[in-house]
Amino acid sequence: MLLAIAFGWKGLLYVLGHGGVRLGLALSGIRFEVEGREHLPVGRAAVYCSNHQSNVDPPVLFQALHPRMHILYKHEIDRIPVLARAFRMGGFIPVDRRNKEAALRSIDAGARSIQSGNSFLIFPEGTRSKTPELLPFKKGGFIMAIKAQAPVVPIAVQGGRSAMRKGSWIIRPVTVRIRVGAPVESVGLQLPERDKLIASVRREIEQLLNLRS
């Protein structure tokens, strides 16, 4: 990873990233199943919008959904120098929700990245939900999608919460279930219609979470 960072080898960084995630999941006994792969927009940049229940959600979705998934991440991770450098080189974008102007700049950067062909993963709840109920959705990722006129792909992830219990560093083997819904288009939408887009995507995720096995 250090060599990839030093020489700017973005492609190698993703190869190493996926290899590291595969190894970590294998060692911890975490598996995943994906339903609805036919809904993944092949050859088109999109915003993948998922609920958030556990610490295992980001690496599992990074591995399962797209070979070069970019992520909007909390700017606090920038305090970890090597990881922050890798994230930035991989095209990940930090968001500081406590600084409105900085957050808007991040959203604009994300929209430009999507327009150049990169897909992003967002967790609009902003943090892990402690119950099966969805938390309120933050608007930034949807504004980004509208600015890029990109589809939003609803994702429901379940099963990871029991992998790491609160206050414990022990990772337990689980099977994470991922359900992919049909993309919700943002083409033609304007920024004042962001709440309409949020409501549509939230409804789709709720339906995916409520599907029976």
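Predicted model: local features only at pLDDT ≥ 70, side-chain atom pairs only at ≥ 80, totals over all residues.
Residues are numbered from 1 along each chain as its sequence is written, and side-chain values use heavy atoms, with hydrogens and water left out. Local features need pLDDT of at least 70 and side-chain atom pairs count only at pLDDT 80 or more, whereas totals for chains, interfaces and linings use all residues.

Helix H6 spans residues 140-148. Helices (H or I, at least four residues) and strands (E, at least two) are DSSP runs, numbered from the N terminus. Seven of the nine residues of H6 are buried, so the helix is largely enclosed by the rest of the structure. Buried means under 20% relative accessible area, exposed means over 50%, and partly exposed lies in between (1.4 Å probe, protein chains only). The buried set consists of Gly141, Phe142, Ile143, Met144, Ala145, Ile146 and Ala148. Their cover includes strands S2 (47-50), S3 (70-74), S5 (120-122) and S6 (152-158). Helices H5 (100-115) and H7 (194-210) are also among the covering elements.

Gln149 follows H6. This residue lies in the loop between H6 and S6. Its phi is positive, about 55°, although Gln149 is not a glycine. Gln149 is partly exposed, with a relative accessible area of 29%.

Strand S2 is covered on both faces. Val47 and Cys49 are buried on one side, and Tyr48 and Ser50 are buried on the other. Two strands pair if DSSP finds at least two bridges between them. S2 and S5 run parallel and are joined by three bridges. Within this pairing, Val47 stands opposite Phe120 of S5. S2 also pairs with S6 in the parallel sense, over four bridges. Here Tyr48 stands opposite Val153 of S6.

Ser50 belongs to S2. With 0% relative accessibility, Ser50 counts as buried. Contact means heavy atoms within 4.5 Å. Neighbours within four places in sequence aside, Ser50 is in contact with Leu61, Leu121, Ile122, Phe123, Pro124, Ile155 and Val157.

His18 sits in helix H2 (residues 10-28). At 10% relative accessibility, His18 counts as buried. A polar atom of the His18 side chain lies 2.9 Å from the backbone oxygen of Pro67. Residues up to four places away in sequence not counted, His18 touches Phe62, Gln63, His66 and Pro67.

Technical notes:
Polar contact = N/O pair within 3.5 Å; in protein donor to acceptor, adjacent residues only side chain to side chain.
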